[in-house]
Amino acid sequence: MKGLGVELVEQPFPADADEVLESLDHPVPVCADESCHATTDLPRLKNRYEVINVKLDKTGGLTEALRLCEQARESGFKLLIGCMVGTSLSMAPARLLASAAEWVDLDGPLLLARDCDHALPYENGRIGIPPRELWG
């Protein structure tokens, strides 16, 4: 996969069976998604993953997501800022974390049949600045 340009593999094993990663070589970085919800998960993940997927809805909000980003960095992890399916209103706060990450995957609104009013602009794989009206 590395030879094909794959940059990241996300959660290749279920969270309750990811200990196998401790004994596998992975030249492509492996990212914890379901295995990481909060800062308390980080010590267990150290020898399994190189990257942590931070999702606001998974961490419980922006405060814990910021804390997770900071402690993950201090522990040597790289960051992916991700999302569940949701509207632009749920992506906009996560966008604030994007500058701290190596990878950003905030495509939730693109998977909806209809986004909220005053949606985030998406163009050529980039997320634009949220319009003031999005915040209400």
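Me: Which residue lies over the face of F77?

Reply: This is a predicted model, where local features need pLDDT of at least 70, side-chain atom pairs count only at pLDDT 80 or more, and totals for chains, interfaces and linings use all residues. Residues are numbered from 1 along each chain as its sequence is written, and side-chain values use heavy atoms, with hydrogens and water left out. A charge sits over a ring if NZ of Lys or CZ of Arg is within 6 Å of the ring centre and within 35 degrees of the ring normal. At 5.2 Å from the ring centre of F77, the residue over the face is K46.

Me: Is I81 buried or exposed?

Reply: I81 belongs to strand β4, residues 78-81; a strand is a DSSP run of E with at least two residues, and a helix a run of H or I with at least four, numbered from the N terminus. Buried means under 20% relative accessible area, exposed over 50%, and partly exposed in between, with a 1.4 Å probe and protein chains only. Because its relative accessibility is 0%, I81 counts as buried.

Me: With which side chain does the side chain of N53 make a polar contact?

Reply: N53 sits in strand β3, residues 51-54, and is buried because its relative accessible area is 2%. A polar contact is a pair of N or O atoms within 3.5 Å; within protein, one must be able to donate a hydrogen and the other to accept it, and residues adjacent in sequence count only if both atoms are side-chain atoms. At 2.7 Å, the partner of the N53 side chain is that of E10.

Me: How many residues apart in sequence are the parts that K58 and D33 tie together?

Reply: The side chains of K58 and D33 meet in a salt bridge of 3.1 Å, N to O, that is, a side-chain nitrogen of Lys or Arg within 4 Å of a carboxyl oxygen of Asp or Glu. K58 is in helix α2 (residues 56-59) and D33 in the loop between β2 and α1, so the pair ties together parts whose separation in sequence, in residues, is 25.

Me: Is E22, the salt-bridge partner of R48, buried or partly exposed?

Reply: The side chains of R48 and E22 form a salt bridge at 2.7 Å, N to O. R48 counts as buried because its relative accessibility is 11%. E22 has a relative accessible area of 46%, so E22 is partly exposed.
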